[in-house]
Amino acid sequence: MEKLASKLAGIKTVAIAGHVRPDGDCIGSCMGLYLYLKENELDIKCDVYLETAKEGFSYIKNLEEAKQEYDSQAEYDLLILLDVSSPDRIGVAGEALKTAKKTICLDHHISNHGFADENLIEPEMSSASELLFHLLEEEKITKDVAEAIYTGIASDTGVFKYSCTSPETMRVVAKLMEKGIDFSSIIDQSFYEKSYVQNQILGRCLMESIQVLDKKCIIGCLRKRDLDFYGVGPKELDGIVEQLRLTRGVEVAVFIYETKTQEFKVSLRSKSKVDVNKIASYFSGGGHVRAAGCTMQGSIYDVMNNLLKQIEKEIKEKMQ
Ligand code: 5GP
Ligand code: MN
Ligand code: MN
């Protein structure tokens, strides 16, 4: 794969940005690239834009330098987007898509149609972080960079177990481990650790979940009043859909939470057959075959009805 360095000739200022509600892959790939440029490309002035993420990533070096607000005075020669599947998913730095002299998107979403000037979309890769690894020169990857990239791969592979994990992913992971990273602690902090209230709300959601479509589909839902009661925000709901997906016999797991009146964020996961990207795309969302999401308007009854119609169609088609 052609290295990123070939794209940096003559570039003096770079903005790096990820997607809204950044996850581990988004943070890991953006910070991995930021630290790499900072540590190796001393002539380039680099800014990284990331919305505040859930807790647990504080071990990533210089994460506090990530900007949460876009500097509209800033002029960038190059905008590099990582893990961003469509223009409307760019977080705080959305404006830079129009103002930067050149834009590059490095992504692995099957739903990405290529909206930047240059697009490197590799749906076969587990994560944007794995893709990034191949674009960097291995000997210039420091321990700090390795920690960030490892975080991203561990996050999008569900700690190396989702079907997006390939032998090549594991070869990359091995090379990152050789940089001396504390992989056990990274996995615990970024993936498994939960606060007390997070555990409580997970329990509540599981307790009230329902199985439908011959138990092939499970739905968990949290209303605004539940989130307020426990004092948890959207950033603290990671892992709920995964626990739903692990329910024996289930093919499709759905996790819905209310963002505001008549608006719901939907997370979809499938085990082995159903294409949830197709379902999410039907509702103007996107993602991957086994993990996708969308935002839906209406009452919770409308949302569930509309979703279930599409899920039933997909289950019938794929599981006959
Ligand atoms: P999650 O359910 O964890 O929020 O997201 C799962 C996958 O679906 C991620 O790869 C994410 O990028 C994608 N995704 C989630 N929500 C949306 C959405 O509203 N639009 C698009 N295009 N992709 C989404
Ligand atoms: Mn992501
Ligand atoms: Mn990703």
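The manganese ion (ligand 3) is held by Asp25 (OD), Asp83 (OD), His108 (NE2) and Asp156 (OD), at 2.1 to 2.2 Å. Donors here are N, O and S atoms within 2.8 Å of the metal (3.2 Å for Na, K and Ca), and water is not among the atoms, so sites may look incomplete. This is a predicted model, where local features need pLDDT of at least 70, side-chain atom pairs count only at pLDDT 80 or more, and totals for chains, interfaces and linings use all residues. Residues are numbered from 1 along each chain as its sequence is written, chains are lettered from A and ligands numbered from 1 in the order in which they are written, and side-chain values use heavy atoms, leaving out hydrogens and water.

Along the sequence, the donors of ligand 3 follow the spacing D-x57-D-x24-H-x47-D. Asp83 also coordinates the manganese ion (ligand 2), and the two ions sit 3.6 Å apart. His108 is in the loop between β4 (102–107) and β5 (118–121) and Asp156 is in helix α4 (residues 143–156), so this pair ties together parts 48 residues apart in sequence. Helices (H or I, at least four residues) and strands (E, at least two) are DSSP runs, numbered from the N terminus. His108 and Asp156 are both buried (under 20% relative accessible area; exposed is over 50%, partly exposed in between, with a 1.4 Å probe and protein chains only).

Now for the rings. Those of Phe, Tyr and Trp (its six-membered ring) pair if their centres lie within 6.5 Å; planes under 30 degrees apart are stacked, over 60 edge-to-face, the rest tilted. That gives eight aromatic pairs, including these:

| Pair | Centres | Planes | Type |
|---|---|---|---|
| Tyr70 and Tyr76 | 6.5 Å | 50° | tilted |
| Tyr282 and Phe283 | 5.0 Å | 80° | edge-to-face |

Tyr70 is buried at 15% relative accessible area, and Tyr76 is buried at 5%. Tyr282 counts as exposed at 52%, while Phe283 is buried at 14%. Tyr49, Tyr70 and Tyr76 make up one aromatic cluster.
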